Amino acid sequence: MSTSWHPPPRHLPDSIPALKTVRGIGKRLAQRYGEELVRIVTDYRREHGIEHVMLPESSVDSPTTKQTEKPKANMDTKKISFELFEKGLSIPRIAAERGLTISTIEGYLAYCVSTDALAIGRIASDDKRRTIEQALTKLPGKPLKELKTVLGNACSYGDIRLVLAHIRK
């Protein structure tokens, strides 16, 4: 008697609403691939004799949980990065210690600049700030990529984001 063992199914949605309860499947993915995914899952369930699937409650995030937890988590990670900067760590060092990219840390610090928690002069030299501000004056409303092209290697994307955060506050 040879029966193949299958782990208990956790997510085998048989409808678009059920598909949307799967973590990572949002409105756009459901619209784009939903019908095809539901068809594939339905075929799989029929082929393996799976009639009912009980989804664990913890795997489904309610919309309110997602909306309230994400900003708090972002604030915590921004705060951690800011505190490491305050301790004298460089941006690359903070990124390495936290397992994040340099641009992510620059974004967090730009947020701190925009909220006046961090003075622009502590993170960008006056010369660099003036150079970027002059480019912004000559190219108002231009995309970041165009500004970077004009500024060349003298300024990084992170430098530009930091000065933009300073100006916009």
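Predicted model: local features only at pLDDT ≥ 70, side-chain atom pairs only at ≥ 80, totals over all residues.
1. Arg39 and Asp43 pair through their side chains with an N to O distance of 3.8 Å. Asp43 also forms a salt bridge with Arg46, and here the closest N and O atoms are 2.6 Å apart. On spacing, Arg39 and Asp43 are four residues apart in helix α2 and so are separated by about one helical turn. Arg46 and Asp43 are three residues apart in that helix, again about one turn.

2. Arg46 counts as exposed, because its relative accessibility of 59% is over the 50% cut-off. Arg39 is partly exposed at 46%, and Asp43 is partly exposed at 31%.

3. **Another pair, in α6.** The structure holds eight salt bridges. One of them joins Asp127 to Arg130, with the closest N and O atoms 3.0 Å apart. Both residues lie in helix α6, three residues apart, about one turn of the helix. Asp127 is exposed at 53% relative accessibility, while Arg130 is partly exposed at 39%.

4. **The overall picture.** Stepping back, the chain has eight helices and zero strands. Of its 169 residues, 28% are buried. The chain exposes about 11,900 Å², and carbon and sulfur atoms supply 54% of that area. Among contacts with a separation of 6 or more, 56% join residues 24 or more positions apart.

5. **The largest nonpolar core.** This core has 19 residues, and those touching the most other members are Ile105, Leu109, Val113, Leu118, Ile123 and Leu162. Helices α3 (63-86), α4 (91-98), α5 and α8 (157-168) each supply at least two of its residues. The most comes from α5, which gives six. In general terms, nonpolar side chains tend to be buried together in soluble globular proteins.

6. Cys112 has a relative accessible area of 5%, so Cys112 falls under the 20% cut-off for buried. Beyond its neighbours within four places in sequence, Cys112 is in contact with Phe82, Ala117 and Leu118. Ser81 is 31 residues from Cys112 in sequence, with 9.9 Å between their C-alpha atoms.

7. Asp116 has a positive phi of about 65 degrees although it is not a glycine. Asp116 sits in the loop between α5 and α6, and is exposed at 55% relative accessibility.

8. **Helix α8 and its partners.** The twelve residues of α8 reach 16 Å from first C-alpha to last, close to the 16 Å expected at 1.5 Å a residue. Gly158, Asp159, Ile160, Leu162, Val163, Leu164 and Ala165 are buried in this helix. The buried residues of α8 pack against α5, α6 and α7 (144-151).

9. **A buried arginine.** Buried or exposed: which is Arg129? Arg129 is buried, because its relative accessible area of 17% is under 20%. Arg129 is found in helix α6 (residues 126-138). Setting aside residues up to four places away in sequence, Arg129 touches Ile120, Val163 and His166.

10. **A nonpolar patch on the surface.** Finally, Leu29, Tyr33, Leu37 and Ile40 form a nonpolar surface patch, with about 330 Å² of accessible area together. Leu29 lies in helix α2 (residues 27-47), and is partly exposed with a relative accessible area of 36%.

How values were computed
Residues numbered from 1 in each chain as written. Heavy atoms only, no water. Buried < 20%, exposed > 50% of the residue type's maximum accessible area, 1.4 Å probe, protein only. Contact = heavy atoms within 4.5 Å. Areas by Shrake-Rupley, 256 points an atom, 1.4 Å probe, with all protein chains shown as cover. Core = buried A, V, L, I, M, F, W, Y, C linked by side-chain atoms within 4.5 Å. Patch = residues over 30% accessible without salt bridge, like charges linked within 9 Å, V, L, I, M, F, W, Y side chains within 5 Å. Salt bridge = Lys/Arg side-chain N within 4 Å of Asp/Glu carboxyl O. Expected span 1.5 Å × (residues − 1).
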